[in-house]
Each structure stands twice: as structure tokens, then as C-alpha cells.
Amino acid sequence: MATQKDRVVVEIVVNSKGANAALKKINGNLTKIQKSAKSTSDHLRFFRDVTGLATFAIALNRLGSEMARIVVETTKLERGFTAVLGSQAAASKEMEWARETANRLGVEYLSSANALVSLTAAAKGTALEGQGVRDVFSAVSGAMSRLGRSTDDTKGALKAIEQMMNKGTVAAEELKGQLGERLPGALSIAADAMDVTTEELFRMMEQGELISEDFIPRFIDRLNQLYDDGQQVEGLVPAWNRLQNAISEAVDS
């Protein structure tokens, strides 16, 4: 049986200003997920099963704590952007851009936006500050999404780029290790971007000659050539991520 807290939470979601539009977006994303799953009968059975009353009761009981988690994460995200950008207005603008980009690329908004905060902080005072950070975020997230990589892999790849920014030079630890483990072919993509062989690339890294501000834009350009077709990323996982994003947007509303 639903508790008083659960009934209040549901009423807040339904009646909050702007929530109706977000809830419509949730419904639309559910429809897209179902369409993506048409070729797999197991997915269809799963969606039929989760509409059962027992599952609904369990979900309703957990709704309050899940809403609280989203509110906390969104608040932390806003504070982070405000700190690195200098104003709440700038933070709101960047959060809106991050949400739109996450939906277009089919990646989970809250975790990817947190990675964007860290990238923004790392790029302060460098040639990558501003649009350069957005380019990195879009290219890496888009490539990972099109390759079917997980949310954790995407966060790890962005973290590797962030560390390159912080150090000022690119080391094999970040490129071959952290980035290469998550982004297939990262080393060869990097060599192509710098127009050198992989052996020459390793020599440059060993001697501290691979400068982040020079390497990262070239790497991003090459990544876009390979994976950015200018279209919205589709599929079951991107559709599921968009559903999660719509739910967090409804709670935020």
C-alpha cells in the first residue's frame, strides 16, 4: 500500500510547473524504447511484465528516495558549474546545453554533465577553455555512444582527457591505459591525428613533447571524422538513457 509520502511525491510530480511537458517526454521515450526492442521478444515481454501491479507498488515505494537522489545530484551539479563558470546564469545555460547534448547523443545526463564540470575546471586558462571543452565533451560522448560503450566507460574516457588537460602533456598512462581501455583504437586514432606512427607517438610521450593543448583538438577532429555523422544516436541503450534523462528533467521541473 502506498504511504502518505508516496502519494505526496506523486502529486508533486504530476502538478509541478513544467512537469507535464517532461512527463510527455518520458512517455515518448518509452515508445521509442519499445520500437527499438521490436526485434527482440524478450524486451517486449519485459515491458509487459513491468506494468504489473506488484512491480508498480514496489516502484511507487521507491519513488520518493529516487526523486531525492536526483534532486541532490542536480543541486551538486548546479553548484559545480556555478563555481567553475562564476555565475548561476552561466551554470544554468551550460546545464541546458549539456542536457540537450546528452539527449542528442543518447548518453545519461547527470553523470556525463558531472564529467563536463571537471573538464571545464581542468581547461581553465588554457586554449581549450570554452568551446574547446564542449567540443571534447560532444566528440568523446558521441563516439562512445555510437560504439555502444557503457556510461562508466564514457565517464572514464572523459576522465582521461581531463587528466591530460591537468598535466599539460599527454602520457602513455592516460592515452594507452585509461583512454585506450575504454575507446577502441584510441592509440591509432591519436597517431593519425598527429600524422605520426605509433612508435613516434610513444617517443613524443616519453620525451614530454605531446602537448595537451595541441594534441586534444587534433584528436577530437579525428574522432569526429570517424564517428560524427551529424545525426541523433539511436538504439535501445540511447533510448533508455533518454528515458532516464526525461525522468530527471521531470523531477527537476
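Before you click on anything, a word on burial: a residue is buried under 20% relative accessible area, exposed over 50% and partly exposed in between, using a 1.4 Å probe and protein chains only. What you have open is a predicted model, where local features need pLDDT of at least 70 and side-chain atom pairs count only at pLDDT 80 or more, while totals for chains, interfaces and linings use all residues. Residues are numbered from 1 along each chain as its sequence is written, and side-chain values use heavy atoms, with hydrogens and water left out.

Start with the cartoon view. You'll find 13 helices and zero strands in the protein chain (helices are DSSP runs of H or I, at least four residues, and strands are runs of E, at least two, numbered from the N terminus). Of the 253 residues, 40% are buried.

Now for the salt bridges: a side-chain nitrogen of Lys or Arg within 4 Å of a carboxyl oxygen of Asp or Glu. The structure holds twelve of them.

Select arginine 134 and glutamate 94, a salt bridge with its closest N and O atoms 2.8 Å apart. Arginine 134 sits in helix α7 (residues 131–146) and glutamate 94 in helix α5 (residues 88–105), 40 residues apart. Both partners are buried: arginine 134 at 18% relative accessible area, glutamate 94 at 11%.

Next, pick lysine 167 and glutamate 173, paired at 3.8 Å between the closest N and O atoms. Lysine 167 is partly exposed at 47%, whereas glutamate 173 counts as exposed at 52%.

Last stop: arginine 149, which bridges to aspartate 153 at 3.7 Å between the closest N and O atoms. Arginine 149 is partly exposed, at 29%.
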